[in-house]
Amino acid sequence: MVQVTENKDMKKIKPSLGKRIGKFIVKNPTGVLGIILVSIAIFTALFAGVIAPFDASKADLAHRLDVPMWLDDTGKSQYLLGGDQVGRDLLSRIIYGAQISLIVSISGVLISLVLGTFLGVIAGYFGKWFDDFIMRIADIQLAFPFMLFAIVIMSALGTGIEKIIIILGLTYWVGFARLIRGEILSLKEQEYIQAAKAIGGTHIKIIMKHILPNVASSIIVLATMYIAEFILLEASLTFLGLGVDPTIPSWGGMLADSRNYVTTAWWTAVFPGVAIMMTVLGFNLLGDWLRDRLDPNM
Amino acid sequence: MAKYIMKRLLHTLLVIIAISMIIFFAIRLTGDPVTVMFGAGEPTKEAVEQITEKLGLDKSLPEQYFIFMKDLVQFDLGVSYRSNQPVLDLILERAWPTFLLAMGGMVVAVLIAFPVGIISAVKKGKSVDIFGRIFSLIGISFPNFWLGIMLILIFSVSLKWLPASGFDSFSALILPSLTLGLILSGILARLIRSSMLDVLKMQYITTAKSKGIKDWVVIIKHAFRNALLPTVTFMGLQFGALLGGAVIVEQVFAWPGIGRLIVDAINQRDYPVVQGGVIVLAIVMVVVNLLVDLSYSIINPRIRTGRG
């Protein structure tokens, strides 16, 4: 009996799910927008094969630089966002392009995260010359503009998705390493860590159980922001002809192709850029919102 | 203080050496410049050997690096394989356009970011702030080369107001500077907002307000001046991003700067030009960072006690 009345009371206090979602949206407009944009990008990348209306790599010179369907009075164009310089469907290429952007950025972030966490933990937890050595390398990497570094290395190695991923991973670990090292230095002297040490906790156990959970939220925020940055960097490199192989549909590559047709076929230059911007904005909004929620210090 | 400066100088030198090594060895992986120089023709074996020897490419790598560093110290960056001109001359020729572009970008960024950042901070949480923050986020989410293409589409192709390329008039500088500056203003506005927020929390702001000083006087004279310090440091540190951005923006607008020189040289396998160009940009950046660090430590003595 008692439980039933309690449940009734609970219902009165707790608004319906719809209302709660509505309230959440009103309270976190930027976060919700971020989540929506990121979800669209991930969904598009995962189901590209199903969503894409045409074959993204099949040239069809009859439809070369076709105007977008809704602007075409002749009824010749069958492409929603128009055709590119060899008559491929722009929309399908943009959909497949999402795969490249996300694969490169997420894999790049994973590599830099693992490497950065590992080196950051070693530097912060064990200190001494490890710390000096790792932080010196970090300083050098920070001093060298990434774009210049990437231009030199990519021109040496040639285009390729895996090469961009490795370069991003091997340069951006510094951000994670510094973050984690800083947190560890401030956590190390805390009483509960000292206590864990005193009762005979091993290094691994202390790091895994007490230190990493404490830095997890900062790491997630940084990782989200880096995904946004990596998408931009990959697109820039590909635009310069130093990123993804030009035969693979990628947003940066599409913009590079469009350069000679900007004056005659604006759509080839507009839509791939919109795709980049929306996706990057999504991750930035998400990261910003997560930081506000998870990290009250910022 | 002297000890701190020495430490920073030594560190800077270390960074420059590390960078020169990375670039030197990476460039050597690019491919054989001799074959590229002959283009489509079939060169004789003697001709290839002769050129290889002339360029010093027959020596061992450490030897080549040693020669390269020895020359670098004497400001000798070698001779372009293509045009046979000294690399330093080529770079100096292109330095002015890149400098102009970087300054133009900085001016645009400051003009936009300062008001946006300050107003955002003062009106924290209000709709102006949300607008400001979204503006900044959009700014950092724009691919700079795409922004350049869009500006060309709007102002050159459609409206025909401004030239899409060229370097001969002031109007040619506007679109490239806008492209570079708008992107940077996003980052800068975010920073100004957060450092203003930090300062506005301080007790001396409350004191100033309670003395009956007008709001905007407190904001500009008391808060903004203190928020400026981290901002200026940041702008110095952002110099590298500015140069990296310039490399790409120069491609879009066919701007005759160092960035285009480097990218063209990569396609022509012109080792000395790529090497020299990247090293000069890197050194400029490292030195700017050093100067910012040092000036900051003079203004704010607390910095010196930290880890150098």
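In the predicted model described here, the end C-alpha atoms of residues 98–287 of chain A lie 19 Å apart, and this span is 84% helix and 0% strand. The stretch corresponds to a feature that UniProt, in an unreviewed entry, records as "domain: ABC transmembrane type-1" at residues 98–287 of chain A. For chain B, UniProt likewise lists "domain: ABC transmembrane type-1", again from an unreviewed entry, at residues 95–292. Over residues 95–292 of chain B the model is 84% helix and 0% strand, with the end C-alpha atoms 21 Å apart.

Within chain B, the unreviewed UniProt entry gives "transmembrane region" for residues 9–27, 99–122, 134–158, 170–192, 227–253 and 273–292. Two of these spans may be described further. Residues 170–192 of chain B are 100% helix and 0% strand, their end C-alpha atoms being separated by 29 Å, while residues 273–292 of chain B are also 100% helix and 0% strand, with 28 Å between the end C-alpha atoms. In terms of domain assignment, chain B is divided into domain 1, covering residues 2–75, and domain 2, covering residues 95–268. The C-alpha centres of domain 1 and domain 2 of chain B are 36 Å apart.

The two chains meet at an interface in which 40 residues of chain B are in contact with 44 residues of chain A. The area buried between chain B and chain A is about 3800 Å², and carbon and sulfur atoms give 78% of this area. One pair that forms a salt bridge is Arg133(B) and Asp292(A), whose closest N and O atoms are 3.1 Å apart. Between chain B and chain A, five residue pairs are counted in polar contact, with both residues at pLDDT 80 or more.

On the side of chain B that touches chain A, the elements giving two or more residues are helix H1 (2–28), helix H6 (127–141), helix H7 (144–158), helix H11 (239–252) and helix H13 (271–299) of chain B. Of these elements, H1(B) gives the most to the side that touches chain A, with nine residues. When the residues on this side of chain B are grouped by class, 30 are nonpolar, seven are polar and three are charged.

Terms used: Residues are numbered from 1 along each chain as its sequence is written. Chains are lettered from A and ligands numbered from 1 in the order in which they are written. This is a predicted model: local features need pLDDT of at least 70, side-chain atom pairs count only at pLDDT 80 or more; totals for chains, interfaces and linings use all residues. Side-chain values use heavy atoms; hydrogens and water are left out. Contact means heavy atoms within 4.5 Å. Buried area is the accessible area (1.4 Å probe) that two parts lose on being put together, summed over both. A salt bridge is a side-chain nitrogen of Lys or Arg within 4 Å of a carboxyl oxygen of Asp or Glu. A polar contact is a pair of N or O atoms within 3.5 Å; within protein, one must be able to donate a hydrogen and the other to accept it, and residues adjacent in sequence count only if both atoms are side-chain atoms. Helices (H or I, at least four residues) and strands (E, at least two) are DSSP runs, numbered from the N terminus. Ala, Val, Leu, Ile, Met, Phe, Trp, Tyr, Cys and Pro count as nonpolar, Asp, Glu, Lys and Arg as charged, and the others, Gly among them, as polar. UniProt positions are given in the numbering used here, feature names are shortened, and annotations may be inferred rather than shown by experiment. Domain bounds come from an automatic or database domain assignment.
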